[in-house]
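Thanks for coming. Please have the sequence and the model in view.

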Amino acid sequence: MSEQTEKKRFEPKQPVQLDPPKDDPITMEELSKCDGTDPNRPILVAIKGTVFDVTRNPAYGPQGQYHVFAGKDPSRALAMSSLKPEDCRPDWYDLDEKEKTVLDEWYTYFSKRYNIVGQVQGATNK
Ligand code: HEM
């Protein structure tokens, strides 16, 4: 794959205007409240401790197909291509290299679509 093609991987079909990333600390408790059930809060998904605002995508809302990820750091589930609630956990370091690559690809995918609004407080798995 050429370098140019590589850079374009996971680009959204429609360009997305992103804000500068924030590194505000976000507690797991606050994150869990941002799962789409409270209309006064954004919908957040964290990957490897980095928190993305996915509010504009109804897939993460209460009726959405990926609601299971909302308000969590589901790094493990993303790496494993799993939608099981019990896999929606932040720990990923014991996974195999292929799964870790899949996780990094999801990180790239999200970073091209969603604003980074903070970091999960106490996350050690950057
Ligand atoms: C029957 C199996 C599945 C089908 C048909 C399917 C279909 C899709 C489609 C059509 C999209 C939208 C792609 C786009 O916007 O360009 C998508 C996105 C996505 N899928 Fe799946 N999917 C399946 C299984 C899974 C599984 C097992 C996972 C678990 C990791 C998963 C995680 C995601 C995520 C995180 C997104 C990104 C949503 C976003 O844009 O924020 N999917 N899927």
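**Starting from one serine**

Ser32 sits in helix 2, which covers residues 28-33. Before going on, two notes on the source. This is a predicted model, in which local features need pLDDT of at least 70 and side-chain atom pairs count only at pLDDT 80 or more, while totals for chains, interfaces and linings use all residues. Numbering starts from 1 along each chain, following the sequence as written.

When I say helix, I mean a DSSP run of H or I with at least four residues; a strand is a run of E with at least two, and both kinds are numbered from the N terminus.

Back to Ser32: is this residue buried or exposed? It counts as exposed, because it has 12 C-beta neighbours inside 10 Å. The cut-offs are these: buried takes 20 or more other C-beta atoms within 10 Å of a residue's own, exposed takes 12 or fewer, and partly exposed is in between, with C-beta atoms placed from the backbone.

**The whole protein**

Now the overall picture. The protein has four helices and four strands, and from the N terminus they run α-β-α-β-β-α-α-β. The C-alpha trace spans about 45 × 35 × 30 Å along its principal axes. The radius of gyration is 14 Å, which agrees with a compact globule, because a globule of 126 residues would have a value near 14 Å. That radius is taken over C-alpha atoms, and the globule rule is 2.2 Å times the number of residues to the power 0.38.

Of the 126 residues, 29% are buried. Among contacts with a separation of 6 or more, 61% are between residues 24 or more positions apart. A contact here means two C-beta atoms, placed from the backbone, within 7 Å.

UniProt, in an unreviewed entry, places "domain: Cytochrome b5 heme-binding" at residues 26-121. UniProt positions follow the numbering used here, feature names are shortened, and annotations may be inferred rather than shown by experiment. In the model, the end C-alpha atoms of that span lie 5 Å apart, and the span is 28% helix and 16% strand.

Take the neighbours in turn. Strand 1 and strand 4 run parallel, joined by two bridges, with Pro25 opposite Gln119.

As for burial, five of the six residues of strand 4 (115-120) are buried. In a regular strand, side chains alternate between the two faces of the sheet. Strand 2 is covered on both faces: Leu44 and Ala46 are buried on one side, Val45 and Ile47 on the other.

Most residues other than glycine have a negative phi. Lys48 has a positive one, near 50°, in the hairpin of strand 2 and strand 3, where two residues lie between the strands. Phe10 has a positive phi of about 65°; its place is the loop between helix 1 (3-8) and strand 1. Phe10 counts as partly exposed, because it has 14 C-beta neighbours inside 10 Å.

Ser81 also has a positive phi, near 50°, and lies in the loop between helix 3 (75-80) and helix 4 (97-111). Ser81 is exposed, with 10 other C-beta atoms within 10 Å.

**Around the ligand**

Ser81 brings me to the ligand, which is surrounded by Val54, Asn57, Ala59, Tyr66, Ala77, Leu78, Ser81, Ser82 and Leu83. A residue belongs here if its C-beta atom, placed from the backbone, lies within 6 Å of the molecule. By class, the shell has six nonpolar, three polar and no charged residues. Nonpolar covers Ala, Val, Leu, Ile, Met, Phe, Trp, Tyr, Cys and Pro; charged covers Asp, Glu, Lys and Arg; the others, Gly among them, are polar.

Definitions and conventions: Two strands pair if DSSP finds at least two bridges between them.
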